[in-house]
Amino acid sequence: MLNLKKTIAILVAAISIVVAVYAAPVMAHGEKSQAAYLRMRTLLWYDVEVSTTKLMVNDELVMTGKFYWFYDWPANIAKPEVAFLNIGIPGPVFVRKASYINGVSGVNSTRFDIGSTYEFKVVLKARRAARIHMHALMNVKKAGPLIGPGRWVEVTGDMADFSNEVTTLTGETIDLETYGLQNSIRWHVFWGVVAAAWLLYWLFQGPILIPRYKKVKLLGENADDMITSTQRTIGLVLLIGTVVVVTWSYYDTQAKYPITIPLQSGRTNIPPLPDTTLGVRAEVVDARYRVSGRALEFSVNVTNNTNSPIRLGEFTSANIRWMNPDVSTAEPADSHDPVATNGLKYEGGIVYPGETKLLKVTCTDAAWETHRLAKVVYDPDSRFGGLLFFFDNENKRSIVAIGGPLVPVFI
Ligand SMILES: [Cu+2]
């Protein structure tokens with residue numbers, strides 16, 4: 001029996017070493033790891049921009065953009081009843097100074113409407129030097145983070161210069177970077193010393209744990225009798241001392257800071273932006289994913305209820321953009337920004353006002369594989385989703401969400 005256990009232990013150790021040796025350094029932080037259907041059919045981000053990609057410590061960066069809550073929300077993903085807009089950054093490279101959703105402060109969590117569009121703005125202040133891939137992200141309760149497009153940003157300078165000053169409601173100016181830090185360190189050290197002293201005291205009372213346990217279990221001795229009256233007295237002193245110190249600290253804090261406001265945990269309800277379709281309707285008739293060609297092909301019935309002729313310029317899904325350069329151009333923001341500059345082609349041409357037309361659209365790019373979106377055809381619920389951007393003569397956009405079942409084509 002012992003041998004078997006030993007063998008298993010050695011095997012586990014050996015496997016761990018092999019895995020550790022072969023583990024390659026990880027460059028990304030999970031943006032491609034979420035299931036394809038989740039990235040395509042939950043939150044669709046677009047127009048995401050950062051005000052700068054190179055800045056110094058203490059400089060501000062503003063991230064703006066829009067997001068659309070996909071109408072065909074996956075049944076197994078929690079709906080955005082409680083959600084919080086954030087920025088995904090490895091480590092505290094920035095502090096967040098403010099965030100807004102449709103102009104409303106994003107301090108509190110928010111409930112969002114499925115099928116609606118919102119715009120956001122997050123103001124960040126650089127705290128320490130780093131080169132990071134930052135994302136807008138939406139934390140949805142019970143669903144997790146829904147990640148927006150990433151941007152490489154480089155902060156230079158010295159963290160020692162960083163200051164994060166705010167004026168409190170009582171008119172005092174404080175630096176949040178250092179405010180209360182000394183006090184916090186003092187209390188941690190104080191309780192650390194008390195805890196260590198208590199443990200050390202018992203450590204020097206001789207072997208206590210296993211020998212006493214044995215005495216109780218095997219010899220049937222009474223555990224309470226093993227504790228001396230001195231030990232009891234010391235325990236009582238520590239107990240009373242702890243209660244006195246905690247009580248005193250509460251009264252002392254109350255006297256020093258009579259006015260405090262608790263952390264805000266209320267919920268806001270923010271009305272969505274006006275309809276982004278501007279009267280254009282699009283219904284997917286059928287859709288295929290061509291595995292060998294790395295192409296999404298779909299037919300879509302488009303009705304133009306606007307006053308201008310429109311053409312299809314872009315399809316976006318899962319933070320990837322397929323552009324039709326005849327109508328709209330876009331370049332990748334950096335080396336990790338998936339933009340298929342010539343990825344969208346379609347048959348059907350211009351859709352005139354009042355007309356309903358069948359367009360045959362093809363979105364081709366290696367990103368279907370490299371961003372693991374093609375895996376959607378292996379999902380139990382093989383449905384895709386995304387946003388179509390139609391442009392009129394004045395480059396005004398009608399943004400329409402589409403989606404439907406996706407059939408794979410292997411030959
Ligand atoms: Cu990233």
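Guide: In this predicted model, a helix is a DSSP run of H or I with at least four residues and a strand is a run of E with at least two, both numbered from the N terminus. On that basis the protein chain has six helices and 23 strands.

Visitor: What makes the protein chain more spread out than a compact globule?

Guide: The globule rule gives 22 Å for 411 residues, whereas the radius of gyration of the protein chain is 30 Å, well over that value, so the chain is more spread out than a compact globule. Along the principal axes, its C-alpha atoms fill a box of roughly 95 × 70 × 40 Å, and 26% of its 411 residues count as buried.

Visitor: Why is α3 called hardly covered?

Guide: A residue is buried if 20 or more other C-beta atoms lie within 10 Å of its own, and among the 23 residues of α3 the count of buried residues is zero.

Visitor: Into which domains is the protein chain divided, and what separates the centres of domain 1 and domain 3?

Guide: The division is into domain 1 (36-168), domain 2 (181-256) and domain 3 (280-409). Taken over C-alpha atoms, the centres of domain 1 and domain 3 are separated by 25 Å. Their contact takes 19 residues from domain 1 and 21 residues from domain 3. On the side of domain 1 that touches domain 3, the elements giving two or more residues are α2 (36-41), β1 and β10 (144-156), and by class that side has twelve nonpolar, three polar and four charged residues.

Visitor: Which residues touch the most other members of the largest nonpolar core, and how do you know where this core lies?

Guide: Val361 and Leu388 touch the most other members of this core, which has 75 residues. Strand β1, residues 43-50, gives the most to the core, with six residues. Domain 1 and domain 3 both give residues to this core, so it lies between them. Leaving aside residues up to four places away in sequence, Leu388 touches Ala282, Leu312, Phe315, Val400 and Ile402.

Visitor: What makes the phi of Asp47 worth a remark, and where is Asn102 placed?

Guide: Most residues other than glycine have a negative phi. Phi of Asp47 is near 55°, a positive value in a residue other than glycine, and phi of Asn102 is near 50°, again a positive value in a residue other than glycine. Asn102 is placed in the loop between β5 (94-101) and β6 (104-105), and with 16 other C-beta atoms within 10 Å Asn102 is partly exposed.

Technical notes
Residues numbered from 1 in each chain as written. Predicted model: local features only at pLDDT ≥ 70, side-chain atom pairs only at ≥ 80, totals over all residues. Buried ≥ 20, exposed ≤ 12 C-beta atoms within 10 Å, placed from the backbone. Rg over C-alpha atoms; globule rule 2.2 N^0.38 Å. Core = buried A, V, L, I, M, F, W, Y, C linked by C-beta atoms within 7 Å. Domains from an automatic or database assignment. Contact = placed C-beta atoms within 7 Å. Nonpolar A, V, L, I, M, F, W, Y, C, P; charged D, E, K, R; others polar.
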